[in-house]
Structure formats: C-alpha cells, structure tokens
Amino acid sequence: MSASPFLLRMQALAAQTPQPASGYRALVCIFQGGGNDGHNLLVATDQTSFNAYTQARAAAPGLAFSSGQLLSVSPKTPQFGHTFGLNPYLSGLQSLFENGKLAFIANAGTLIAPTTKTQYNANSVPLPLSLFSHANQSNEWQSIAANGNLTDYRGWGGSFADQLQGQNSTPVLTCISTGGNALFLAGESTTQVSVSQNGLTPISGLYNDIYGQTGASSSLASVLETSEANLFAKEYEAVLQRSVKVQTQLASAILPAGPGGVANPPASLDSVAPFKAIDTTLATSLQTVARIIGARTSLGMTRQIFFVFHNGYDTHDGEVTTHRARMNELNLALTYFDQVLTTMGLENDVTTFTSSDFGRTLTSNSDGTDHGWGNHHIVMGGAVKGGDIYGQWPIIGSDQQNDVGYGRLIPGISVEQYAGTLGKWLGLSQTQLNSAFPNLANFGSNPLLGFMG
C-alpha cells in the first residue's frame, strides 16, 4: 500500500531538516582584543591593489610589506583577478591553508542589514551603534545582534549553548572561557565557567591548610555551605557553591599539562630577523582548552564552546613592532593547537576561528592605524573547506565603493552569516539559528557561507 500524501510530506520535511550533528564538536573563539589590522593579515598583491595598499601606508615606514616579504597563498576560488600574500610571520598558517585546514573570511563585521556606501552616507539603513568604538563594537561582535539591544544580553556562543547544552551530561561545562567573563558566552539558561589560561584556580584555603591550621579548610567549607536568607547573599552563595562543584568535577577529569597529557607549547623564536622570543600565553590558553576537551568522555560532553582572549591589537602607535609580535603569537598558537588536536584525533571535531572589535584603517596615522570596521578573519580545522577565501574581496584604496573614509571597509559579510555557518556545523537547525540571530533573515533566504564541510 502506498504512503499517504501527508506521510510523504512529513518524510520530505524530515529530509530537508538538518539533523543534530553526532559525536563531539566544539567551537573555539579567539577574540583579538583591540581590533586586528586585517589589511596586514592578508594582502591583495595584484598590481592595482598592491599599489593602493603601499601608497595608503606610506606615511608609516615599514607598515606596508614589500611583495618579497609576503607569503604567497593561492585560493581555490578566483577573486576577480586578485592575487594574495600572507603576513610574513604566519608561515605556519600558510602551510595550514595549503593543506586545506584553514580558510580566510573576507571583510566580515557588524551589520544589521546589508549596507552600501550610499545608504551609509544617507543614513537610510539601520547601522550598528557607535561604530569604531572599542566597547560597543566588541560587545556587538559578541552579542546576538549588532543593534545595541540593551534588554537582551545574550552572546551568540551562549545562545548556541542554550539550545545544545541538553546534549551534555554536565551542562554547566558547555561554555568555558580562559579570558574572564565574556559576553560571547552569556546565555539565557547557560552559565559560563571561567578558568585561567593555565587551567583551574581553586578557592584558596578550601583544599589546603590556612596559615598552618589543619582544620581551617573544613571550617571554610562549612561557611560556604551555610544557607543565606538575604537574596543577594543567597545568589552569591549559589554561584560560589556551583564554582566549587565545577572545579571539583573538572579537576578530577582535566588532562595534565606536559608529559602524560597535552604537550606544552614550544619555546620559539620568530622566523624573521632580528629574531625575538615568542610569547606563548595564547598557546598556553589553547593548551588548557585541549586539556578540557580531553575530559569530554568522562564528563559526558558532546558540544562545547570556548572563548580565548588575545589582547594587544589596538595599534595606534608602534604597529610595526606590536603587530609583528601578535602575528608571531597567533602563528605559534594555531599551529601548535592544530598539532595537539591532530595527535588527539580531534582535528575534524574542533573548529577554531578569530573575531575582533573591528578592522583598522587602510591609511596610517604615521606610526600605526586607527579604528576601522570590516575585517578579515581566520577559521581553522579539519571540517573547514580550507585553502580558500570566502566572501568578495573588497576594493583596496581610499574613497572606494566599500570605503567610508580612511580605508574603513563596509563589511560584505555580517557577523550573523559568519557565526551562523559555525552554528550550523555545531548542529543547530535553521529555526534555532533564526532564534539565535534576530537579524539573520535580513541577509537573504540563504545567508550562510560555505566554508564548513
């Protein structure tokens, strides 16, 4: 007997609906605090673009790279005759790109709706609040909408977790930050857990003697367990007790750092003279992420979202030296993290991506660059359709169609499109993505990008 039309319709709908992704998956957000200079991350080296780039940066000696310094990268998809060179301190990322494990997202940023220069100048389209402001744009990059909603303080990582934490046996460990409390991980029902870059930091005195008094730790534990009547004290009590419980759970499961656990980051010098020691703080934070991911089975985790803060990108002054250091740190950390995940057999299950307050101006201020808007970003992992640039490469030069002044780029890709693509890979349905991003529908009926497998 043939199936009824209703049943056939239900089967068709089921086939069209994304099913929850199986196995373990995690997102790792590296937030580049201060506004990374995307113009010096990836450079268009075709003659017209490169001439405009060097001319715009001529006032700051050494700010524009020479063509001989840049590392050649050739995207699989042609970009309207453009050729490209990568920052010379990112040789490890060049290899990851060539091996198909890393891609670039061109000119992404905060938007409420697609915006042209004419609309921007006429103020005829809604715009993110306080463009070019660190505090506002950092928040709007991390939040579920870029229109400064003062009544909904959810971040899109936390919003993802609201809908996925039910898959985890220990839901409180769905969202973890190594960079302090982050708006990115704020959810409606999700509670984020903060750890230090080196791992867990227990309450001093709770697990050891206090000033040599052997019974003091048990007395402190008794105080922490005392029920409070005052509402503020009661909430503080709940947070404190939850922290103690989570610390105990995680401490018993997290992999050790070093031999027998997750290998320590290498102590390295950068690859371009004069050689300098590379700060491994970012790599150590990613080591902590890997150590926590290593506890996924014992903790019953299938979905996790991490936030890692990498500061020092506000390069108004001394950019030549400062940005070089940040790129060396990023190169070491990402290549190290890829090696760790590969060793753990998790390279296809963890996707790492960058975000930042904003990009920077193409023009220089004689010793650096100022606050911009759209920016180029990195996404890395075995599930990434790497070796390519996603999004249309912007025209380079002052007063172009995508420039609102000084080489500040109007984003061609919204945060919602970038983030939504990551959310779909994590296992969210289109309905869940629309719930996570109130403005996603403003970017067309098929707004997601194609960089995830």
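Are Asp37 and Arg57 buried or exposed? Asp37 is buried, and Arg57 is buried too. Buried means under 20% relative accessible area, exposed means over 50%, and partly exposed lies in between (1.4 Å probe, protein chains only).

This is a predicted model, in which local features need pLDDT of at least 70, side-chain atom pairs count only at pLDDT 80 or more, and totals for chains, interfaces and linings use all residues. Residues are numbered from 1 along each chain as its sequence is written, and side-chain values use heavy atoms, with hydrogens and water left out.

1. **Salt bridges.** Searching the whole structure gives seven salt bridges. A salt bridge here is a side-chain nitrogen of Lys or Arg within 4 Å of a carboxyl oxygen of Asp or Glu. Side chains of opposite charge can pair when their charged atoms come close.

2. **Asp37 and Arg57.** These two form a salt bridge, with 2.8 Å between the closest N and O atoms. Asp37 sits in the loop between strand E1 (25–32) and strand E2 (42–44), and Arg57 in the loop between helix H2 (47–56) and strand E3 (71–73), so the pair ties together parts 20 residues apart in sequence. Helices (H or I, at least four residues) and strands (E, at least two) are DSSP runs, numbered from the N terminus.

3. **Asp338 and Lys101.** Here the closest N and O atoms of the salt bridge are 2.7 Å apart. Asp338 belongs to helix H11 (residues 319–343) and Lys101 to the loop between helix H3 (91–98) and strand E5 (102–109), so the link ties together parts 237 residues apart in sequence. Both residues, Asp338 and Lys101, are buried. Together with Glu347, Lys101 and Asp338 are linked in a network of salt bridges.

4. **Asp270 and Arg324.** This salt bridge has its closest N and O atoms 2.8 Å apart. Asp270 is in the loop between helix H8 (231–253) and helix H9 (281–293), while Arg324 is in helix H11, so the pair ties together parts 54 residues apart in sequence. Asp270 and Arg324 are both buried.

5. **Tyr89.** Look for this residue in the loop between E4 and H3. Tyr89 is buried, at a relative accessible area of 10%. Leaving aside neighbours within four places in sequence, its contacts (heavy atoms within 4.5 Å) are Phe65, Val272, Arg324, Met327, Asn328 and Asn331. Tyr89 and Leu70 lie 19 residues apart in sequence and 8.8 Å apart in space, C-alpha to C-alpha.

6. **The three-stranded sheet.** The strand order is E2-E4-E3, in an open sheet with antiparallel pairing. E2 and E3 stand at the edges with a single partner strand each, so one side of each has no neighbour in the sheet. On average, neighbouring strands of this sheet are turned by 40° against each other, direction ignored. E3 and strand E4 (residues 84–86) run antiparallel and are joined by three bridges; strands pair if DSSP finds at least two bridges between them. Val73 stands opposite Phe84 in E4. H3 lies across E3 and E4, at about 20° to E3. Axes are lines fitted to C-alpha atoms, for helices over the stretch in contact, and angles run from 0 to 180 degrees between N-to-C directions.

7. **Strand E9.** Seven of the seven residues of E9 (residues 350–356) are buried, so the strand is largely enclosed by the rest of the structure. Val350, Thr352, Thr354 and Ser356 cover one side, and Thr351, Phe353 and Ser355 the other. E1 runs parallel to E9, with seven bridges between them. Leu27 has Thr351 as its bridge partner in E9. E10 runs antiparallel to E9, with two bridges. Thr352 stands opposite Met380 in E10.

8. **His377.** This residue is in strand E10 (residues 375–380). His377 is buried, with a relative accessible area of 0%. Its side chain makes a polar contact of 3.1 Å with that of Thr354. A polar contact is a pair of N or O atoms within 3.5 Å; within protein, one must be able to donate a hydrogen and the other to accept it, and residues adjacent in sequence count only if both atoms are side-chain atoms. Not counting residues up to four places away in sequence, His377 touches residues including Gln32, Trp141 and Tyr418.

9. **Helix H12.** In H12, 11 of the 12 residues are buried, among them Tyr418 and Trp425. Gly427 follows H12 and has a positive phi, near 120°.
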